[in-house]
Amino acid sequence: MQLDRTRIAIRERGVLDIFDLALQVVRVFFWPLATAWLVAVIPLMLLNWWLIGWMVEHANVDPEPWEIIRYIFHYMLLVFAESPLLSIPIAGFLGPAVFMERPTLRQILRNALQFTPHLLFCLLILRGIGPILLFCGTRGEVLSEEGGVLEALALMVLFGYTAIFHALRPFTTEIILLERTPFFPKDERTISLFRRSGFLHGPAAQNLIGQWMAGAVLGVFLAISLLIAVYVLVGVLVNEWGGPNGPGTLHYWWIFPVPLFLVSGFLSVVRFLNYLDARIRNEGWEVELLLVAEAGRLQSRITV
């Protein structure tokens, strides 16, 4: 790996430049990114089906508007909460790909497995993904239709808690996978995961909030556009446009989630580019890469 040779130019970028660059990254690395996306999306879709699929299991026969709305609300919250999980294989690929490498799927998964305890603790517990999964997994036994307001309030509280970490600590996955920062360093010269997170995120809090809001707005518009496109496509193909013969159980289980996860995957690419931008702005990363690369070449000459 030559640190001064990168496929993406290491320089500061604005929000719009990052969105544009994300489209270029998706175009150049389409198939590897699609594979990484599928590796994460398939188990997540199965998990979500097991958690809340029961809400629309009668959509073919006697669809209840309350249950349809409830299912859509829950699923959107689940996709939002699970976005850091979706970004694990995507960040695992893009990290080495920036430096002209092409990691295999086995290498990406092996790297992720090495840091499973870090990822589980930070993502499932600290970021609130675990409580959201547990709440959605009650299968309606805690709150029913009569308690829909209380259920919505509880979900909004969990959403707000998770959104705070999404906005102010967005690069946890990248720090764990790419920087390999330990929880408890073995020596004083090695920085811990929590200190590293504070050093990277703290000075950029204002920019991080702006980036999160821009990503949220873009994500909403993209999701609505893709959902409408999918609805029209299904309607044209099967001639079902709503009513009793409208979208059925299989549609809600396996077709409706795809646009949401597509948007989440694209925003994972955007988040990775924002991570690079944060390191450049706060740490002078482009200078560090040049110095480390030159030091490596000098060391190799001395060794020879």
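Helices are DSSP runs (H or I) of at least four residues and strands are DSSP runs (E) of at least two, both numbered from the N terminus. Asn 274, for example, has its place in helix H12, which covers residues 257–283. The structure is a predicted model, in which local features need pLDDT of at least 70 and side-chain atom pairs count only at pLDDT 80 or more, while totals for chains, interfaces and linings use all residues. Residues are numbered from 1 along each chain as its sequence is written, and side-chain values use heavy atoms, with hydrogens and water left out.

**Overall architecture**

- The protein has 13 helices and 0 strands.
- Along the sequence, the pattern reads α-α-α-α-α-α-α-α-α-α-α-α-α.
- Of the 304 residues, 44% count as buried, a term for under 20% relative accessible area, with exposed meaning over 50% and partly exposed in between (1.4 Å probe, protein chains only).
- The protein exposes about 16,300 Å², of which carbon and sulfur atoms supply 68%; accessible areas come from the Shrake-Rupley method with a 1.4 Å probe, and for residues only the protein chains shown count as cover.
- Among contacts in the protein with a separation of 6 or more, 80% are accounted for by residues 24 or more positions apart, where contact means heavy atoms within 4.5 Å.

**The packing of helices H3 and H6**

- Two packed helices are described by the angle between their axes and the distance between the axes.
- The axes of H3 (residues 65–98) and H6 (residues 129–136) come within 10 Å and cross at roughly 150 degrees; axes are lines fitted to C-alpha atoms, for helices over the stretch in contact, and angles run from 0 to 180 degrees between N-to-C directions.
- This angle makes H3 roughly antiparallel to H6, since angles over 145 degrees count as roughly antiparallel, under 35 as roughly parallel, 65 to 115 as roughly perpendicular and the rest as oblique.
- The crossing of H3 and H6 is left-handed, a term used if the near helix is turned anticlockwise from the far one by less than a right angle, with right-handed used if clockwise.
- H3 contributes His 74, Leu 77, Leu 78, Ala 81, Glu 82, Pro 84 and Leu 85 to the contact, and H6 contributes Ile 129, Ile 132, Leu 133 and Cys 136.
- The residues of this contact divide into 9 nonpolar, 1 polar and 1 charged; Ala, Val, Leu, Ile, Met, Phe, Trp, Tyr, Cys and Pro count as nonpolar, Asp, Glu, Lys and Arg as charged, and the others, Gly among them, as polar.

**Residues of helix H2**

- Met 45 is found in helix H2 (residues 30–52) and is buried, with a relative accessible area of 11%.
- Leaving aside neighbours within four places in sequence, Met 45 is in contact with Tyr 75, Trp 253, Trp 254, Pro 257 and Phe 261.
- Met 45 and Trp 254 are 209 residues apart in sequence, yet their C-alpha atoms are 7.7 Å apart in space.
- Ala 34 also lies in H2 and is partly exposed, with a relative accessible area of 21%.

- At 10% relative accessibility, Asn 274 counts as buried.
- Asn 274 touches Ile 18, Phe 171 and Gln 211, not counting residues up to four places away in sequence.

**Loop residues**

- Arg 180 lies in the loop between helix H8 (172–178) and helix H9 (193–201), and counts as partly exposed at 44% relative accessibility.
- The phi angle of Arg 180 is near 55 degrees, a positive value in a residue other than glycine.
- Gly 202 has its place in the loop between H9 and helix H10 (205–238) and is partly exposed, with a relative accessible area of 41%.
- The C-alpha atoms of Gly 202 and Asn 282 are separated by 9.8 Å, and the two residues are 80 residues apart along the chain.
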